[in-house]
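Please keep the sequence and the structure in view while reading.

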Amino acid sequence: MWTYLNGDFVKKEEVKISPFDRGFLFGDGVYEVIPSYGRNFFLYDDHLERLKRSLSAINIDPLDNLDNLKTLLEELYERNEFDNQSMYIQVTRGVDVERSHKSSSKLKPTLFISSSELNINPYRLNPEKKGLIVGLDTDIRWKRCDIKAITLLPNIIPYHDNYSSDLDETLLHDNNLINEGTSSNVFFVFGDQIVTPPKNQNILQGVTRNYLLSRLSGKGFSVLEKKVSIEDLNKVDEVWMTSSTKEIQPVHNIEDLFLSKRTHQESLWHKALKVVESDLEVYS
Ligand code: PMP
């Protein structure tokens, strides 16, 4: 497998970075994940725009080579062997001369890209597969979750205590309101009404989330951005998690709340997934 680091394509086993990179010392950087179906980078422009937004939010100057990012991704895609790949792009403020919160003024940002095999959403292959097992935890993240920062400790901790080894995702809540998962956005279905928490600084504006909102409302589904409280979970008929690598996946249970009332033929998640699937076919 190949990676890309600051101008060179380097074998995964050989790529090296200085510990004085501010990404290593401070988590001072942002990232993006773009799914590639065949040679097509799905919703590429939306991902690029979000990467630029994240960079600008933490005052890293846009890199010159972001304009030819697609060419770099294409080359990496060709070098790595998988049909479908998940492209990971990370930009940090760069390698500094010493560890200091205030960086030197003339740093050159670090651009690192890797790719891994993108496993096709298992629920597309088998819609009857048992849904995700989801936990519920307090959201202890910072107040700018709209920035796709590499600093992900609170998103990782829920998977590393003794009780959570079988969890597929964890829903994060704050002030009694559900924000999102640790690595996905969330959709709730009440009857025929599809609801997802509104855009604000408590959630990442998922590219998949935004695409689904507009695509599903265009198809005549009733979709709404609205706050959802923990108590609302008692009335919910379906819950879905969405991300660039998950696409749409149904939830089986959130802790001891089980969501198996609807079969996949009755469910809206499966109808929504069919819409996504038809787009992916057109796209590839
Ligand atoms: N929220 C969080 C916290 C995430 O890490 C992700 C995945 N990057 C998402 C939502 C989903 O975003 P996207 O649809 O752009 O992959």
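Buried area is the accessible area, taken with a 1.4 Å probe, that two parts lose on being put together, summed over both. The size of an interface is often given in this way, as the accessible area lost when the parts come together. The model discussed here is predicted.

**The two domains**

The protein chain is divided into domain 1, residues 2-118, and domain 2, residues 124-280. Their C-alpha centres lie 26 Å apart. Between them, domain 1 and domain 2 bury about 1,700 Å², and 68% of this area is on carbon and sulfur atoms. In domain 1, the residues that lose the most area to domain 2 are Tyr31, Tyr37 and Arg50, which together account for 35% of what that side buries.

**The interface in detail**

The contact involves 25 residues of domain 1 and 17 residues of domain 2. What kinds of polar pairing occur across the interface of domain 1 and domain 2? Six residue pairs are in polar contact there, both residues of each pair being at pLDDT 80 or more, while the count of salt bridges between the domains is zero.

Four elements of domain 1 each supply at least two residues of the side that touches domain 2: helix H1 (22-26), strand S3 (29-37), helix H2 (44-57) and strand S5 (84-92). Of these, S3 gives the most, with seven residues. By class, this side of domain 1 has 12 nonpolar, eight polar and five charged residues.

**The ligand**

The ligand is surrounded by 18 residues, of which the closest are Lys148, Glu180, Val207, Thr208 and Ser244.

| Residue | Distance to a ligand oxygen atom |
|---|---|
| Arginine 50 | 2.8 Å |
| Threonine 208 | 2.6 Å |
| Serine 244 | 2.7 Å |

**Salt bridges**

The structure holds 20 salt bridges. One of them joins aspartate 28 and arginine 93, whose closest N and O atoms are 2.7 Å apart. Aspartate 28 lies in the loop between H1 and S3, and arginine 93 in the loop between S5 and strand S6 (110-117), so the pair ties together parts that are 65 residues apart in sequence.

Methods. Residues numbered from 1 in each chain as written. Predicted model: local features only at pLDDT ≥ 70, side-chain atom pairs only at ≥ 80, totals over all residues. Heavy atoms only, no water. Domains from an automatic or database assignment. Contact = heavy atoms within 4.5 Å. Salt bridge = Lys/Arg side-chain N within 4 Å of Asp/Glu carboxyl O. Polar contact = N/O pair within 3.5 Å; in protein donor to acceptor, adjacent residues only side chain to side chain. Nonpolar A, V, L, I, M, F, W, Y, C, P; charged D, E, K, R; others polar. Near = heavy atom within 4 Å.
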